[in-house]
Amino acid sequence: MTAAVPKVLALSGGVGGAKLSLGLQQVLPAGALHVLVNTADDFEHMGLHISPDIDTVLYTLSGRANRSQGWGLEGETWNTLQALESLGGETWFRLGDRDLATHLWRSNQLAQGADLSALTSALAAQLGLSTSVHPMSADPVRTLVHTEEGELPFQHYFVRRQCEPRVSGFTFHGLDNARPNPDVLALLASGQVSHIVVCPSNPYVSVDPILQLPGMWQMLRDHAAPVVLVSPIVAGLAIKGPAAKMMAELQVPVTALGVARHYAQRYPGLVDHFLIDESDATLADDINALGLVTHCCATVMKTLEDKTQLAQACLRLEAL
Ligand code: FO1
């Protein structure tokens, strides 16, 4: 009998998480990677169900993502959006012609009672992926961003208002009653998971919704596999997205130490290893004092080699 191949569970939001997931997929045997994806950015738009982070992960892992923006498809056309504009329809959320097919198909299937998890697996299979991509829950969870302009649904804050309003907090509507994805619970119970990687996604709006699903972070904390967190903040800047701006507005130091404090305070004992960028090496002692074991390496992922090297750095770490 051959031994079961160890599995790796990666927690991911959109663009940053998808990049490290691609590195992990590249270095792991086929079928070993499972990505648990935030769905609190999902929303209903023009009668369609949109799951932006799931699609970003699927498109990235299959090599189809638009390389400059990170979301959507490479070589996309925009005929439908242009026609919609001439009708006076809503065009602030840019849906490309081919991407639209994903939303039409998924929305139609969901309306017929299909499950988001099964639909995501079907899309992954259609894209030829051996990696398993799991929505964090089939139950609807929606991020509301508390801003100086009032509460804004996530995509209205992020895309329509370009993250401009000052942020004071977040609510994850529906989270208390959302059930974590049962396939991921079964994976965790299988004894096959060797590493749990928290990708360099936004701690507040991408990772928190996953970890705050009922029972989720405690289950990850109590698992035998090491939990490895990669900092989304490098030299005081977010590589992509509004994480740094949010931290400043929440009066949290915009550093890897600020990130470490967030996880240590909100999820005590969860993170074993924290990978920070070489440029942040002077923060290591203060982070270690929080109980996270800090490692310095190159965390900025521009090339495929950067992604695979960071993936390998995560997988070299062992349970404490
Ligand atoms: N992000 C934008 O900044 N502008 C857009 O018009 C936009 C459209 C879009 C369409 C489909 C999709 O799957 C993602 C899209 N995104 C867009 C990205 C997305 O809103 C964010 O990257 C995530 O929600 C944050 O992780």
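This is a predicted model: local features need pLDDT of at least 70, side-chain atom pairs count only at pLDDT 80 or more; totals for chains, interfaces and linings use all residues.
In what order do the 3 strands of the open sheet stand, and is their pairing parallel or antiparallel?

1. The strands of the open sheet follow the order E7-E6-E8, and their pairing is antiparallel. Strand E7, residues 150-153, and strand E8, residues 167-173, stand at the edges with a single partner strand each, so one side of each is left without a neighbour in the sheet. On average, neighbouring strands of this sheet are turned by 25° against each other, when direction is ignored.

2. Looking at one pair of strands in more detail, E6, which covers residues 142-147, pairs with E7 in the antiparallel sense over 4 bridges. As an example to find in the structure, Thr147 has Gly150, in E7, as its bridge partner.

3. Turning to the cysteines, a search of the whole structure finds 0 disulfides. Cys297 is in no disulfide, and the nearest cysteine sulfur, which belongs to Cys314, is 7.2 Å away. Because a disulfide requires the two sulfur atoms to be within 2.5 Å, the 7.2 Å between the sulfur of Cys314 and that of Cys297 is too far for a bond.

4. Ser62 is found in the loop between helix H2, residues 52-61, and helix H3, residues 79-86. With a relative accessibility of 16%, Ser62 counts as buried, because the cut-off for that word is under 20%. A polar atom of the Ser62 side chain lies 2.8 Å from the backbone oxygen of Leu58, and, leaving aside residues up to four places away in sequence, Ser62 touches Leu127 and Leu129.

5. Asn181 likewise sits in a loop, here the one between E8 and helix H7, residues 182-189, and at 3% relative accessibility Asn181 also counts as buried. The side chain of Asn181 has a polar atom 2.8 Å from the backbone oxygen of Pro135. Pro135 is also one of the residues that Asn181 touches, together with Ser117, His134, Met136 and Ser137, when residues up to four places away in sequence are not counted.

Technical notes:
Residues are numbered from 1 along each chain as its sequence is written. Side-chain values use heavy atoms; hydrogens and water are left out. Two strands pair if DSSP finds at least two bridges between them. Helices (H or I, at least four residues) and strands (E, at least two) are DSSP runs, numbered from the N terminus. Axes are lines fitted to C-alpha atoms, for helices over the stretch in contact, and angles run from 0 to 180 degrees between N-to-C directions. Buried means under 20% relative accessible area, exposed over 50%, partly exposed in between (1.4 Å probe, protein chains only). A polar contact is a pair of N or O atoms within 3.5 Å; within protein, one must be able to donate a hydrogen and the other to accept it, and residues adjacent in sequence count only if both atoms are side-chain atoms. Contact means heavy atoms within 4.5 Å.
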